[in-house]
Amino acid sequence: MTLLELVQAQSARLEQAGVSFGHGTTNAFDEAAWLTLWALGLPLDGLDEHADRELAEAAPPLVEEVITRRIESRQPAAYLTHEAWLQGVAFYVDTRSIVPRSFIAELIAHPDYSGALDAWLGRNTRRVLDLCTGNGSLAVFAAMAWPDVQVEASDVSDAALAVARINVRKHKLEQRIKLVQGHLFERATGPYDLVLCNPPYVNAASMAALPDEYRAEPALALAGGIDGMDLVRELLWRAPSHMNPRGVLVLEIGNERAHFERAFPKLEVAWLETSAGDDQVLLATRESLYAVTPP
Ligand SMILES: C[S@@+](CC[C@H](N)C(=O)[O-])C[C@H]1O[C@@H](n2cnc3c(N)ncnc32)[C@H](O)[C@@H]1O
């Protein structure tokens, strides 16, 4: 059996089992390729190079076992491999934090999208806060992209921060990223020139319909109340007093634009283009945030 034939067979198993994707891949073939290459200790981008390689007899059972675990546990593949890739950067991950996949990463690290953010940043951008940092991925991207900034990364969850700590160390950014535990800005030191935030924003109806793979992630990281905006309301209200006069907030709200606009009818924001479209990530200036009323 060749490597490609093994991937195709495992892809068919994933398809037939009806597993969900969205944590690093979007389809059964890519997910099967990832887990197959990982189980065999091959480079994750090595499928094309090794596709026709004849496999040793011991190889297929190794891969079949991992795919069986993926199907039976319904855990995202990254929780099985303890590694997630985002914009070509590897992150450690386990069930204490969500699998890194924020579209804000594209605005920092993707050549097609990062220009939009560059236009709002200047020589004076020195202090960055990654609010709701979870696995720490956005803090790591910010520190990598902008060598002159100091990054603070905060989260209410000690468990998630333990994962963030592993990623900060993995990328040798201990001198550039300070991790802080607390509710929203509670322990943040500010004021900040840039606040990045991918908060919990999933509305209650969507939470109730989530596939098992998303239920494997901490609910604290996803659930945003009836309209998804519970935490966002307090966040937008509090943000200006932690930002410098020319500071900006970059906020991800997933598929919740309609709920967002209903919750903040007077707030003027710029919607930023990512590969998910132009209604999932927005930018608000400190000035504009004064239109937000107390929750
Ligand atoms: C959607 S995850 C984002 C994780 C990471 N920034 C990313 O993009 O992959 C949201 C994070 O918000 C954190 N969180 C939930 N409630 C919070 C609160 N009241 N204050 C601070 N962080 C909170 C969760 O623990 C979780 O890590």
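Me: A salt bridge is a side-chain nitrogen of Lys or Arg within 4 Å of a carboxyl oxygen of Asp or Glu. How many salt bridges does the structure hold?

Reply: This is a predicted model, in which local features need pLDDT of at least 70 and side-chain atom pairs count only at pLDDT 80 or more, while totals for chains, interfaces and linings use all residues. Residues are numbered from 1 along each chain as its sequence is written, and side-chain values use heavy atoms, with hydrogens and water left out. E31, R70 and E213 are linked in a network of such bridges. The total for the structure is ten.

Me: R127 and E152 meet in a salt bridge; how many residues apart in sequence are the parts that the pair ties together?

Reply: The N to O distance between the two side chains is 3.1 Å. R127 lies in strand β3 (residues 127-131) and E152 in strand β4 (residues 150-155), strands being DSSP runs of E with at least two residues. The pair therefore ties together parts whose separation in sequence is 25 residues.

Me: In the salt bridge of R96 with D94, is D94 buried or exposed?

Reply: The closest N and O atoms of R96 and D94 are 2.8 Å apart. R96, at 34% relative accessibility, is partly exposed, that is, between buried (under 20% relative accessible area) and exposed (over 50%), with a 1.4 Å probe and protein chains only. D94 has a relative accessible area of 9%, so this residue counts as buried.

Me: Which residue has a side chain in polar contact with that of S102?

Reply: S102 sits in the loop between β2 (89-92) and α6 (104-109), where helices are DSSP runs of H or I with at least four residues. Its relative accessible area is 5%, so S102 is buried. A polar contact is a pair of N or O atoms within 3.5 Å; within protein, one must be able to donate a hydrogen and the other to accept it, and residues adjacent in sequence count only if both atoms are side-chain atoms. At 2.6 Å, the side-chain partner of S102 is E252.

Me: How much of the accessible area of the ligand does the protein cover?

Reply: Among the 21 residues around the ligand, C132, D155, H183, L184 and N198 come nearest, a residue being near if one of its heavy atoms lies within 4 Å. A nitrogen atom of the ligand is 2.9 Å from a polar backbone atom of L184, and an oxygen atom of the ligand is 2.8 Å from a polar side-chain atom of N198. Of the 600 Å² that the ligand has on its own (Shrake-Rupley method, 1.4 Å probe), the protein covers 96%.
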